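Q: Could you walk me through this structure, piece by piece?

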Amino acid sequence: MNTSIATEEMDLQAPSANPTGTAPCAVQLGQFVAGVRADRLPAQVVDHAKSRLVDCLATAISSRALPVPAVAGAFVADSRGGASIVGRRQCAAAVDASFVNATLINGSTHDDFLAKSHAGAVVVPAALALIEEHGGTGADLLAAIVAGYEVTARAYLGGPGMLPRFRATGVPGAVGAAAAAARALRLDARGAMHALGLGAMFASGFGEGFHSGTMDVKLNVGWASRSGTSAALLARAGATASPTIFEGTSGFFHAFSNGVDSAPRTVEGLGEKFLIEDTLYKERPVCIFVQTPVELAHRLVRQHGFDPAAIEHVRIHAPIATYTNPGYQNAAPFATALKARISASFTVAAALLGRPIDTYEYYDHTDDAEVLALAKRVQLVEPTSDIHDVHVQVMVAGRSFEARGVEMEYQLPSHDKVVRKFRRLTADLESDLGERILAAALEMDRAPDVAELTRLLRLV
């Protein structure tokens, strides 16, 4: 069922805003979003959507006792509606469920990553809440997920200059959440265009909280999902947005990225390759930008077996985008677990000393004296050129041990990796509840609705 948008007539082509004479980005993206159907997607793309759903549910379930989701839950405590919140018996309005579930998915810093955004954390809650509250099949949910990941990535690709001043999850992420929500509501192309434009208007977020390890950056993820959900509901109600909201002279790309030079990338190859296939997976509950240095540190210890107590110093070379990412250079004191989990010096020192950094609970020990002492001897080398590799050098008793790797190369997910992670993160659930949730998610393309999945999620 398509939803017609009653609004004033407007020229959606707006050729004056686009020197190529092609339709504006929002128009093309809206057409794409409205046209995504699971039965027309390549089989591997549908599998990726199910994999992303499983991974997001795993991180949400594992975060249900954390402080940020607790604050978000308290904020919506009086909300009533038809959308489920993970671990809560009472349903809430879709906008509120998407907000809390996004903070759950992102809560333990263990969620996926695409085009500088935590795409799953903003997309999946918006799609799931609206499918549950307004109806739809499991295939509709998967189509909405694919649409949301695609637009999250493309809204960043058209304005990469937004980093590091703005936070991609809060900016392109709000647009991606709007795309997922628009598809979940089965808006037509015009309605989807307005939803995307409203999502762009509501976009916000920057990374100062990563330096302090405070809740603001986590709540920003929830708000981006809520904003996207709200944008689609507003479009459904008749709200409009400029068709040139992305590349227009006062639009999204000028505001966040200081120009439109990259704007053509927003729609380049749209519908030919699905960007959800490029999503990165997190094995450890640490910032995406320290995953590779940590993996290389583990590799050096495994290969050479040197005595960590004999380490004299460590040097880490990384790409400029990594080096300048808010929080990467965090140093002691680590007043919060978040401040430590995104610090290259803390996480690499902990890895070299054999600490259990794969577990979220370890980061309750940010006063670990040995780790703090070694972290002081970790030098983060400022890049002098546009390097793409990560290089970790450990000096031990006068000998140098080195490892190199392409940043994030090992973090491409597989079905087996994701299932193992799900089982590990849900091992504390009673009886076979985890396995039933996993089965429901993996069979989503054949599900007549999402009722069984959401019923199980309320029980965790």
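The chat below takes up the ground rules, then some helices, then the strands.

Q: Before we start, what kind of model is this?
A: This is a predicted model, in which local features need pLDDT of at least 70 and side-chain atom pairs count only at pLDDT 80 or more, while totals for chains, interfaces and linings use all residues. Residues are numbered from 1 along each chain as its sequence is written, and side-chain values use heavy atoms, with hydrogens and water left out.

Q: OK, which stretch does the UniProt annotation cover?
A: The unreviewed UniProt entry carries the annotation "domain: MmgE/PrpD N-terminal" for residues 28-260; such positions are given in the numbering used here, feature names are shortened, and annotations may be inferred rather than shown by experiment. That span is 63% helix and 3% strand, and its end C-alpha atoms lie 16 Å apart. Helices (H or I, at least four residues) and strands (E, at least two) are DSSP runs, numbered from the N terminus.

Q: Let's take H6. Is it mostly covered or exposed?
A: Helix H6 is mostly covered, with 19 of its 20 residues buried, where buried means under 20% relative accessible area, exposed over 50%, and partly exposed in between (1.4 Å probe, protein chains only).

Q: And how far apart are its ends?
A: The end C-alpha atoms of H6 (residues 138-157) are 29 Å apart, which agrees with the 28 Å that its 20 residues should span at 1.5 Å a residue, the expected span being 1.5 Å times one less than the number of residues.

Q: What caps the N-terminal end of H6?
A: Thr137 does, through a side-chain oxygen that lies 3.3 Å from the backbone nitrogen of Ala139.

Q: Where is Arg183, and what does it touch?
A: Arg183 is found in helix H7 (residues 172-184) and is buried, with a relative accessible area of 7%. Not counting residues up to four places away in sequence, Arg183 touches Val33, Val36, Arg37, Asp140, Ala143, Ala144 and Ala147, contact meaning heavy atoms within 4.5 Å.

Q: Is Ala49 buried or exposed?
A: Ala49, in helix H2 (residues 43-62), is buried, with a relative accessible area of 0%. Leaving aside neighbours within four places in sequence, Ala49 is in contact with Leu142, Ile145, Val146 and Ile276.

Q: Switching to strands, in what order do the four strands of the open sheet come?
A: The order is E4-E3-E5-E6, with mixed pairing, and two strands pair if DSSP finds at least two bridges between them. The edge strands, each pairing on one side only, are E4 (378-381) and E6 (399-406).

Conventions. A polar contact is a pair of N or O atoms within 3.5 Å; within protein, one must be able to donate a hydrogen and the other to accept it, and residues adjacent in sequence count only if both atoms are side-chain atoms.
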